[in-house]
Amino acid sequence: GQVQQLRHLTLMKHPNITKESLPYLNKLTDLEYLDIWRTKIGMEDLVALTNLKKLKELHVSPNREDADNPDAILEKVIEIESLFPGCEIYVDHRRY
């Protein structure tokens, strides 16, 4: 039951963290802060995290193909916001 109580998780700059980790992350139902900046988890992969109802802050990187396209990033942010209402989303440290 320890894992459930985890509130704060930072995995930034771990390039070997991929979307294979998402089912594990989805079990961390008490998570309030998740930092997956510069991991291999893409913004569109986050739809898998259906159980993280308490998430308040999320740090991600834009996908390589979106990096120079603020509209594409914003579109994905809006999608993520609908999954995690009340969650602050930071993409490359910029708050959306």
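# Cavity, pocket and loop residues

Reader: How many cavities of 30 Å³ or more turn up in a search of the whole structure?

Author: The search finds one cavity of 30 Å³ or more. On a 1 Å grid over the protein atoms alone, a cavity is a set of points where a 1.4 Å probe fits but cannot get out; a pocket is an open set with protein on both sides within 12 Å along at least five of seven lines, and lining residues have an atom within 4 Å of a point.

Reader: What kind of model is this, and what are the ground rules?

Author: The model is predicted: local features need pLDDT of at least 70, side-chain atom pairs count only at pLDDT 80 or more, and totals for chains, interfaces and linings use all residues. Residues are numbered from 1 along each chain as its sequence is written, and side-chain values use heavy atoms, with hydrogens and water left out.

Reader: Which residues line the largest cavity?

Author: Met 43, Glu 44, Val 47, Lys 76, Glu 79, Ile 80 and Leu 83. That lining splits into four nonpolar, no polar and three charged residues. Here Ala, Val, Leu, Ile, Met, Phe, Trp, Tyr, Cys and Pro count as nonpolar, Asp, Glu, Lys and Arg as charged, and the others, Gly among them, as polar.

Reader: And the largest pocket, what is its volume?

Author: The largest pocket comes to about 380 Å³. Its lining has 17 residues, with Thr 39, Lys 40, Pro 62, Asn 63 and Arg 64 lying nearest the centre. By type, the pocket lining holds eight charged, five polar and four nonpolar residues.

Reader: Switching to the fold. In what order do the elements run?

Author: β-α-β-β-α-β-β, starting at the N terminus. That makes two helices and five strands, where helices (H or I, at least four residues) and strands (E, at least two) are DSSP runs, numbered from the N terminus.

Reader: How does the radius of gyration sit against the globule rule?

Author: It agrees, because a compact globule of 96 residues would have a radius of gyration near 12 Å and the chain has 12 Å. The radius is taken over C-alpha atoms, and the rule is 2.2 Å times the number of residues to the power 0.38. Along the principal axes, the C-alpha atoms fill a box of roughly 40 × 30 × 20 Å.

Reader: What about accessible surface?

Author: About 5,900 Å² for the chain, 51% of it belonging to carbon and sulfur atoms. Areas come from the Shrake-Rupley method with a 1.4 Å probe, and for residues only the protein chains shown count as cover. Of the 96 residues, 43% count as buried, meaning under 20% relative accessible area, with exposed over 50% and partly exposed in between (1.4 Å probe, protein chains only).

Reader: What share of the contacts between residues at least 6 apart joins residues at least 24 apart?

Author: 56% of them. A contact means heavy atoms within 4.5 Å.

Reader: Now Ile 36. Buried or exposed?

Author: Ile 36 is buried, because its relative accessible area is 1%. Ile 36 sits in the loop between strand 2 and strand 3. Apart from neighbours within four places in sequence, Ile 36 contacts Leu 11, Ile 41, Leu 46, Leu 58, His 59 and Val 60.

Reader: His 59 is on that list. Where does His 59 lie?

Author: In strand 3, residues 57-60. His 59 is buried, with a relative accessible area of 10%. Not counting residues up to four places away in sequence, His 59 touches Tyr 33, Leu 34, Asp 35, Ile 36, Trp 37, Tyr 90 and His 93.

Reader: What is the phi of His 93?

Author: Positive, about 70°, although His 93 is not a glycine. His 93 lies in the loop between strand 4 (88-91) and strand 5 (94-95). Arg 38, also not a glycine, has a positive phi of about 55°, and Arg 38 is in the loop between strand 2 and strand 3.

Reader: Last one: what does Asp 45 contact beyond its neighbours within four places in sequence?

Author: Lys 19, Leu 22 and Lys 40. Asp 45 belongs to the loop between strand 2 (33-35) and strand 3, and Asp 45 is buried at a relative accessible area of 11%.

Note on methods. Points joined across faces, edges and corners; volume = space filled by probe spheres on them.
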